[in-house]
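Visitor: I have just opened this structure and would like to learn how to read it. Could you walk me through some features, one at a time?
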Amino acid sequence: MARILLAALVAMLLVVCPCHAARPAPEQTAKSPTVKEKAVVDGITAIYNFGDSLSDTGNLLREGATGMLQHTMGLPYGSAIGGATGRCSDGYLMIDYLAKDLGLPLLNPYLDEGADFSHGVNFAVAGATALDAAALARRGVAVPHTNSSLGVQLQRFKDFMSANTQSPEEIREKLAHSLIMVGEIGGNDYNYAFSANKPAAGGARNLYNLGRMATGVAEAMALVPDVVRSVTSAARELPSTWARRGCYMAAVNETELAAYDANGCLAALNLFAQMHNVLLQQGIRELRRSYPSATISYADYFYAYVRMLRDAGKTGFDEGARTTACCGGGGGAYNFDMDRMCGAPGASVCARPDERISWDGVHLTQRANSVMSDLLYHKGFASPAPVEFPRT
């Protein structure tokens, strides 16, 4: 059985994270050392990752991005690592830092034909949802960017395992030394429900717009049980189909200044995110009872994020701009405009991305990704710890 890690939904407003001192960016050389040439950390020799734009390392790039996500496929995305790779940041993501910490090569995207998958596969796709497009359509929610839902990603995992192993025993042996990440997925289901009911242009606080906002919240709330069930059902398939260790995650958005609390977080969406997390933790308790031999971890992305916001000034982030996107065309406190996303005409990039938490109003900067990874996997925000790192 493989390790499985579940993570909390984060109310990921139009900003991103700060906290502990950032670590150096992971290095990806032309000839990455094999695992045998490096010290294997806690017996893990591979990572299999599922998720959305917070962990996609190039699948949507290969599918063909549309809408606002098309801007993430070129510069200034990837500007800190020599060019765009399909990562929704100026550089590396949390999954990259985790791979580095485990002494593994960076995860290649599943759709990268001919790539080396000997140390794991990244199935995450930017814009992906926990529920499939048909299930969301029945709720009146359109999926604008990709049909690669969690269910599609799970099927790709099964297909990959079937094509690259000779027997169920070989699969079990491979996954006995693997970490399975059911990453930050589920937030887009809610985002698309909110987006379908966003206030009319101008954002006037009239009854019409307030009614639309209330409808969006009600529709998103109605999705929570199904979204959580989709994540935990995928997790249930993984232990029963071969897994021993793993970890699970998800994300959400808004712009009105009065809607944010002292940490720069959306007060209403924080409650919404916590509702998701309560149900997710209930599902995890049931999984642990069903699979007592599996290590099923819960990574508290939400509180790690809040911790980083709180400690922004102590760790070298610009405290006065902790909710301001480095790259965008919106101006004001958040520098976010859906019609002028980072990379679109009229958008600009800040001079020092390493001092910012938010890269584009939705995703983290490379430095914030490094900090989040440190909090989740080294500072106790995942329980139980999915990986036992050597003490330094």
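The conversation below takes up cores, aromatic rings, disulfides, a pocket and a loop.

Guide: Welcome! This is a predicted model, in which local features need pLDDT of at least 70 and side-chain atom pairs count only at pLDDT 80 or more, while totals for chains, interfaces and linings use all residues. Residues are numbered from 1 along each chain as its sequence is written, and side-chain values use heavy atoms, with hydrogens and water left out.

Visitor: How do I read a nonpolar core, and which residues have the most contacts inside the largest one?

Guide: A nonpolar core is a set of buried Ala, Val, Leu, Ile, Met, Phe, Trp, Tyr and Cys residues joined through side-chain atoms within 4.5 Å. Buried means under 20% relative accessible area, exposed means over 50%, and partly exposed is in between, using a 1.4 Å probe and protein chains only. Here the largest nonpolar core holds 49 residues, and Y48, F50 and F157 have the most contacts inside it. Helix α7, residues 207-241, gives the most to this core, with nine residues. Another core lies apart from it and has 34 residues, among them I95, F317, A368 and L375.

Visitor: You mention a helix. How are helices and strands assigned?

Guide: They are DSSP runs numbered from the N terminus: helices are H or I with at least four residues, and strands are E with at least two.

Visitor: What kind of pair do F50 and F123 form?

Guide: F50 and F123 are stacked, with 5.3 Å centre to centre and 15° between the planes. F50 sits in strand β3 and F123 in the loop between β4 (120-122) and α3 (133-138), so the pair ties together parts that are 73 residues apart in sequence. Y48, F50, Y110, F117, F123, F157 and F160 form one aromatic cluster.

Visitor: Which residue lies over the face of F317?

Guide: The rule is that a charge sits over a ring if NZ of Lys or CZ of Arg is within 6 Å of the ring centre and within 35 degrees of the ring normal. In this model R367 lies over the face of F317, at 4.2 Å from the ring centre.

Visitor: What makes a disulfide, and how many are there?

Guide: A disulfide is a pair of cysteine sulfur atoms within 2.5 Å, and the count by this rule is two. One joins C326 to C350, with S to S at 2.1 Å. This link of C326 and C350 is left-handed, with -95° about the S-S bond. The other joins C327 to C342, at 2.0 Å S to S. For C327 and C342 the torsion about the S-S bond is about 90°, so the disulfide is right-handed. C327 lies in strand β8 and C342 in the loop between β8 and β9, so the pair ties together parts that are 15 residues apart in sequence. Both C327 and C342 are buried. With bonded cysteines counted along the chain, the pattern is 1-4, 2-3.

Visitor: How is a pocket found, and what is the volume of the second largest pocket?

Guide: Rolling a probe the size of a water molecule over the atoms shows where empty space is left. On a 1 Å grid over the protein atoms alone, a pocket is an open set of points where a 1.4 Å probe fits, with protein on both sides within 12 Å along at least five of seven lines; lining residues have an atom within 4 Å of a point. Grid points are joined across faces, edges and corners, and a volume is the space filled by probe spheres set on the points. The second largest pocket has a volume of about 370 Å³. It is lined by 17 residues, of which Y377, H378, E388, F389 and P390 are the closest to its centre. α10 gives the most to this lining, with three residues.

Visitor: Is A142 buried or exposed?

Guide: A142 counts as exposed, at 58% relative accessibility, and lies in the loop between α3 and α4. The C-alpha atoms of A142 and S195 are separated by 9.4 Å, and these residues are 53 residues apart along the chain.

Conventions
Phe/Tyr/Trp six-rings, centres within 6.5 Å; stacked < 30°, edge-to-face > 60°.
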